[in-house]
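I opened the model and went through it from the whole chain down to single residues. My entries follow.

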Amino acid sequence: RSFENLKRLRRRLEEELLPAMTAQAEELQKQDLSSLADADLAAEIERRHEIKAHWVAVYWRDFIPFAHGMRLFGQLYNDALRPADPYEFMALLSGAPLASLDRNRRLAEMADHLRQDRDQAEKIRQGEINALSPAVQQLLNDFLSTYGDLSCPVTGGQCQQGPQAVLHLVQELAAHPPRLVAVAPASIPALTEAFLSRFAGAKRTEAAEILDLARASYRLRDDDNIYLGRIEAQELKARQEAHRRLAERGLEVPGDLPTEELSRALLDGTYQPRVPEKKTTASNQTQIRARQLIGQPAGPGLAQGPARVIASFSDLTHFKHGEVLVCDAVDPNMTFVVPLAAAVVERRGGMLIHGAIIAREYGLPCVTGVPEATSLIRSGDALTVDGYLGIVVIE
């Protein structure tokens, strides 16, 4: 995409789409789902599903292409300076006010209160949320009103809902020393000047504008998913209300049931589970385990730890301090566990995807683009992650 095209796209994102998405999420959040009749709730689930589908389409059409702002700057920077490290330009983009970092900062504040007051931690363990101190309660309420409750699909009752999900994570954070966001390199001003000094007059002005565009691209590569996640959370809340009503009537249905089938179960009170197809495997098939996996070096550093493979959102509730986050791709709605992680490994992507961005912000080793990472690695495997070379070793 050209510079002019990206400038127009930025204006559309910042002045039209993000405000509209925010307003839509706030409108949905205000609705009292528990007061709706079953037929109205079924209609509301359908409506929210369509709203989410609309914004997902907008996300792919408008938000994803804006990532080209980083690539445009990277190409210009490398052509002008010919640095030994082709990813040196990323240093000029770090330190942006990312929404997911703000969310994690708020979680860290609650965790810090629990470290200082063990009585508060004990009340959380006992489920006495109403007995929390006014300070912790205020932090919790502010977090929930801004970022929601870390909701996830209802699958087998494994996923916690409501404030408990947030407090469960805060407890795990409080049990360990806080992980700080990596300090932005002190060399940023010097790198910036070295870059701009290669241009003069109107070319220098344009280069500065491209750098500013790239910083916006870097920030929105993170923030866009947070905004979209608020829309997705509101659809999920309507589905959760349907599941609650069905459970009260003794009807258990899968959390990932298609919208149309969930509405039918709510209205008819019936559900016919599908019978899974039986798969046959050869009994004499040799099992071969991978030992060294190769991907893209996306976050410098070296770390070791047990793997936690994220196959579904509910797996995040089991994430422990010091584990290596292994997933298809890091969704910004998942990044609340990153302060607990020792490293990040992703099946998809390269240097400019969200997982690489958030890992670098925390100074974590990160390897992306690892083929079949989520199937070759099992939760509990001891991993060594080399973010310099893009190698993951399974011990």
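This is a predicted model: local features need pLDDT of at least 70, side-chain atom pairs count only at pLDDT 80 or more; totals for chains, interfaces and linings use all residues.

Residues are numbered from 1 along each chain as its sequence is written, and side-chain values use heavy atoms, with hydrogens and water left out.

**Whole chain**

I counted 12 helices and eight strands. These are DSSP runs numbered from the N terminus: helices are H or I with at least four residues, strands E with at least two. The radius of gyration is 23 Å, close to the 21 Å from the globule rule for 395 residues, so the chain is as compact as a globular protein of that length. The radius is taken over C-alpha atoms, and the rule is 2.2 Å times the number of residues to the power 0.38. The C-alpha trace spans about 70 × 55 × 50 Å along its principal axes. Of the 395 residues, 49% count as buried.

**Cores**

I looked up the nonpolar cores next. Such a core is a set of buried Ala, Val, Leu, Ile, Met, Phe, Trp, Tyr and Cys residues joined through side-chain atoms within 4.5 Å. The largest has 88 residues; Phe-73, Leu-93, Leu-107, Phe-195 and Leu-325 touch the most other members. Helix 9 (residues 202–248) gives the largest share, 11 residues. A second, separate core has 17 residues, including Val-367, Ala-373, Val-392 and Ile-394.

What does Phe-195 touch, leaving out residues up to four places away in sequence? I found Phe-73, Leu-76, Tyr-77, Leu-81, Ala-207 and Leu-211, with contact meaning heavy atoms within 4.5 Å.

**Single residues**

Ala-194 sits in helix 8 (residues 188–196). I logged it as partly exposed, because its relative accessibility is 29%. Its C-alpha atom is 9.9 Å from that of Tyr-77, 117 residues apart along the chain.

Is Ala-202 buried or exposed? Ala-202 belongs to helix 9 and counts as exposed, because its relative accessibility is 65%. Ala-202 and Asn-333 are 131 residues apart in sequence and 40 Å apart in space, C-alpha to C-alpha.

Leu-389 lies in the loop between strand 7 (382–386) and strand 8 (391–394).

Note on methods
Buried means under 20% relative accessible area, exposed over 50%, partly exposed in between (1.4 Å probe, protein chains only).
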